[in-house]
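The sequence and the structure are shown below.

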Amino acid sequence: MARRCVYVFCLFLVLAVCGCTPGVELRDRLIVQAVGVDLQNNKYALTLKVLETSGSGGEQKFEQVIMKGTGETVAEAFADIDIQQGMKIFLGNNKLIILGREVAEKGLQYAVDYFNNNRESRPTVVVVISDTTAADILTAKSNKRLIPAEAIEAKLDDERHSWPMAESELISLMEGMMLEGKDPHIPVLKVEEAGEGDQQISVYGSGVFRGDRMVDTLNLQETQVALWGTGRHQWAVVVVEDSKLGKLSLSVDSVKTRIQSQIVGGVPTFSLQTHISTALLETMNETSVVLAEEDVQRIEVLLAQQATQDLSAVFGKTIKQDSSDILGLGELLHKYEPDYWKANSTRWTDILPDIAVKIAVECDIKKVETPLKV
């Protein structure tokens, strides 16, 4: 009987709470499709792309419009828009969070913390950086109309299929910033003029971070190589030049990377072993010759040499020059050299330029696409 009374009492509380909470219709909310975060006069400046409806019934039309607000914090900037519009903001349908370059260089933590704590914001929302300002991306126009958030999202998906891209979902970004010994790696967008007053949005490359601050950028080719080092890869095409066959195009079908760590003479030393599987697609040589086994082997060596040079250049830039640990080398030390990491983790960014990274690359050509005139 007592247990039954407890159940009834709990049910009463639930009904009472629900009954006291006023419902809010979506039509009374600002349905956000994309959010841009910039800095302006030492304040956060928000640019929202909001879905606006007009008409009624079957004649309803949907259009995306721009709304702006400023504040000392991201939350205050949102509140500024709330007050201006007289409507509450709904982030449940938000597709993109775009951070301006200045925001990324100042630090991600404060800029994205609001979205991480907001219960309406999806944990899988994509976070990207603008090469200039977030407002530039969200106010870009094609055919005299704002480029929809869906089109920007589709562009990212298209680029992801043709070029490898850094991961940038909010949840993975927040988890990554909490990890010891690994720095974020986020896609960078830019606006380009497309003629006749039109603009287009493209992926420039990726941002290189030290902690939560962006310190450099990689172009698309450098981003591709950097992701080879992490073992993350999507289909790509590379070009090598052979003294006999001229220029050759190969598809990179898979990349496997293994990194081992040890302390040698007090210096963290890493061995990066990468295996690249390719398919030969075409040559630029008009002379028809039979492709011998020795030709295939020579091309494999050429590709391995080029990949080794490219990896060395990218990690020389990110690790040696920028003190950025995009490979997560500190994570390896944390796991396999705990005593060293415990003693040196707070100085890791200072130590990074002096570490040793040995790179070994093997390449194989799994198949030759036919017909192939060589």
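In this predicted model, Asp295 forms a salt bridge with Lys244, and the closest N and O atoms of the pair are 3.2 Å apart. Asp295 belongs to helix H9 (residues 293-321), whereas Lys244 sits in the loop between strand E12 (236-242) and strand E13 (246-264), so the pair ties together parts that are 51 residues apart in sequence. The two partners fall into separate accessibility classes. Asp295 counts as buried because its relative accessibility is 0%, and the limit for that class is under 20%. Lys244, with a relative accessible area of 42%, is partly exposed.

Asp295 also forms a salt bridge with Arg298, for which the closest N and O atoms are 3.0 Å apart. Both Asp295 and Arg298 lie in helix H9, three residues apart, or about one turn of the helix. Arg298 counts as partly exposed, at 26% relative accessibility. Through salt bridges that share partners, Asp242, Lys244, Asp295 and Arg298 are joined into one network.

A further pair is found in helix H3 (residues 101-106), where Glu105 and Arg101 lie four residues apart, about one turn of the helix. Glu105 forms a salt bridge with Arg101, with the closest N and O atoms 3.3 Å apart. Glu105 is partly exposed, having a relative accessible area of 36%, and Arg101 is likewise partly exposed, at 24% relative accessibility.

| Salt bridge | Closest N and O atoms |
|---|---|
| Asp295 and Lys244 | 3.2 Å |
| Asp295 and Arg298 | 3.0 Å |
| Glu105 and Arg101 | 3.3 Å |

How do the axes of helix H4 and helix H7 cross, and within what distance do they come? The axes of helix H4 (residues 108-117) and helix H7 (residues 170-178) come within 11 Å and cross at roughly 130 degrees. H4 and H7 are therefore oblique to each other, and H4 passes H7 in a left-handed crossing. On the H4 side, the contact is made by Leu108, Gln109, Val112, Asp113, Phe115 and Asn116, and on the H7 side by Leu170, Leu173, Met174 and Met177. Seven residues of this contact are nonpolar, two are polar and one is charged.

Notes
Residues are numbered from 1 along each chain as its sequence is written. This is a predicted model: local features need pLDDT of at least 70, side-chain atom pairs count only at pLDDT 80 or more; totals for chains, interfaces and linings use all residues. Side-chain values use heavy atoms; hydrogens and water are left out. A salt bridge is a side-chain nitrogen of Lys or Arg within 4 Å of a carboxyl oxygen of Asp or Glu. Helices (H or I, at least four residues) and strands (E, at least two) are DSSP runs, numbered from the N terminus. Buried means under 20% relative accessible area, exposed over 50%, partly exposed in between (1.4 Å probe, protein chains only). Axes are lines fitted to C-alpha atoms, for helices over the stretch in contact, and angles run from 0 to 180 degrees between N-to-C directions. Angles under 35 degrees count as roughly parallel, over 145 as roughly antiparallel, 65 to 115 as roughly perpendicular and the rest as oblique. A crossing is left-handed if the near helix is turned anticlockwise from the far one by less than a right angle, and right-handed if clockwise. Contact means heavy atoms within 4.5 Å. Ala, Val, Leu, Ile, Met, Phe, Trp, Tyr, Cys and Pro count as nonpolar, Asp, Glu, Lys and Arg as charged, and the others, Gly among them, as polar.
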